[in-house]
Amino acid sequence: MAQCVTRVELSVSCENLLDKDVGSKSDPLCVLLQDVGGDRWAELDRTERIKNCQKPEFSKKLVVDYYFEKVQKLKFGVYDIDNKSFDLNDDDYLGGIECTLGQVVSSSVFTRPLELKRGKPAGKGTITISAEEIKDARTVSLEVEARNLDKKVQCADHDSDGSHDLIGIFETNLTQLQKAGDSSPVEFECIHPEKKQKKKSYKNSGIIRIKSCKIERDYSFLDYVMGGCQINFTVGIDFTGSNGDPKSPDSLHYISPDGINEYLIAIWSVGSVVQDYDTDKLFPAFGFGAQVPPNWQVSHEFALNFNPSNPYCQGIQGIVDAYRQILPQVRLYGPTNFSPIINHVARFAAHSAQQGNASQYFILLIITDGEITDLDQTRQAIVNASKLPMSIIIVGVGEADFKAMEFLDGDNGVLKSLTGEPAARDIVQFVPFRQFKNAPREALSQMVLAEVPKQLVSYYKLQGWPPVKLPEVKKM
């Protein structure tokens, strides 16, 4: 099935631009480029040129396709245009910025100082960008009844061979439909064109009564994100003995000479996308299945930084650093229990849900090498979590049999607890890392994160919660 592309339009304004013209102010234009890989940038769009202005508010909006599951690197460049050439190489550069589209859409207003090159400010110049999704999110909800319809035909007479029987038609518009209310329904005659033509005595084939007509807002993922919803990212890492001795090159925890392993690639791939949607960039990170100092008891929920009261790591790099530091300090053991860490994140999600608004959503990334030991408890934990603002991503590393993980994914039917309770939503996405060994690094995040927007929207829709900050409603 073709995926519907989400498009956003970016409004750009600048202040305190450098003055490059002699005897007059600069004539600025802003160009938008997107990283297409290999240190190459492609132009997506550009604004109009504004004459003699150091504080332009460009009226032409810049349009870009949006994908939550990708890190979309953008470059905004502001130029002083003094000729009619489309080529910008012969125009003065007034400054620019590099950022991601995720950073822009997750900020109500995104303002940055302009730079002539990395680390060199363009005077006091700044650029401000705001985003808006291009869509009409309104849906019309009608309550309809009919009376005195022609006999022998049912309103829902849809024959399997496509030979549906027409009762009649009527034409109207939304303005007329909106006149319908609880105490004053709007009625329309249902007319069959052929019968009307053949019979002079023909009046109608029944009456259609519109009892109510409501225009409702169908909120999107970007409505929630732009409306202030923060996405909280937590990582759980498998430290069970089946991973092998981290000092051995055969171990899944062995860090290669170029500084990576499958665990680190998964953390970077998923984390680099999600981090743009969390303002403070503080991410809790846990391990499970290891014996930890000082008592060497097996733990299925230990903080990677050994600070249980403050398990937060600063940015994705902070998670990576904590993982590297803890590897030689724990003893890999077992078993492989998921439920403690799922329940840990679920407690935070439950506390957030009690606030009764769409301000916090939680993503748990579990990276594991093998078969789960506490399957029944994990099933119950997932069913419980499906009623909360939470999604779970499981990445399987190594060559193990991951049948249980595929079962938890729920793609082949609704996941149920041991007692038969079904999950309220499908919140688990599992992928084996081996499918992405030879793929670009971003392919993993695109696969595991593609469902998150739908999962987030489905939760808030289930609760009936609009975005914290409602989007502006455009006039019809």
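1. Let's start with the side chain of Asn 261. In this predicted model, the side chains of Asn 261 and Tyr 323 are joined by a polar contact of 2.9 Å. The side chain of Asn 261 also reaches the backbone oxygen of His 253, this time at 3.4 Å.

2. Where does Asn 261 lie? You will find Asn 261 in the loop between strand S12 (230–238) and helix H5 (262–274).

3. Is Asn 261 buried or exposed? Asn 261 counts as buried because its relative accessibility is 6%, and the cut-off for buried is under 20%.

4. The surroundings of Asn 261 are worth a look on your screen. Once neighbours within four places in sequence are set aside, Asn 261 is in contact with Leu 252, His 253, Tyr 254, Ile 255 and Tyr 323. Two names here come back from the first point: Tyr 323, through its side chain, and His 253, through its backbone oxygen.

5. Now for the protein as a whole. Its secondary structure comes to eleven helices and 21 strands, and the C-alpha trace spans about 95 × 80 × 40 Å along its principal axes. Among contacts with a separation of 6 or more, 72% are between residues 24 or more positions apart.

6. On burial and surface, 46% of the 476 residues count as buried. The protein exposes about 24800 Å², with 49% of that supplied by carbon and sulfur atoms.

7. Last, the charges. The protein has 53 positive and 63 negative charges, and their mean positions are 6 Å apart.

Methods
Residues are numbered from 1 along each chain as its sequence is written. This is a predicted model: local features need pLDDT of at least 70, side-chain atom pairs count only at pLDDT 80 or more; totals for chains, interfaces and linings use all residues. Side-chain values use heavy atoms; hydrogens and water are left out. Helices (H or I, at least four residues) and strands (E, at least two) are DSSP runs, numbered from the N terminus. Buried means under 20% relative accessible area, exposed over 50%, partly exposed in between (1.4 Å probe, protein chains only). A polar contact is a pair of N or O atoms within 3.5 Å; within protein, one must be able to donate a hydrogen and the other to accept it, and residues adjacent in sequence count only if both atoms are side-chain atoms. Contact means heavy atoms within 4.5 Å. Accessible areas come from the Shrake-Rupley method with a 1.4 Å probe; for residues, only the protein chains shown count as cover. Lys and Arg count as positive and Asp and Glu as negative; His and the chain ends are not counted. The place of a charge is taken as NZ of Lys, CZ of Arg, CG of Asp or CD of Glu.
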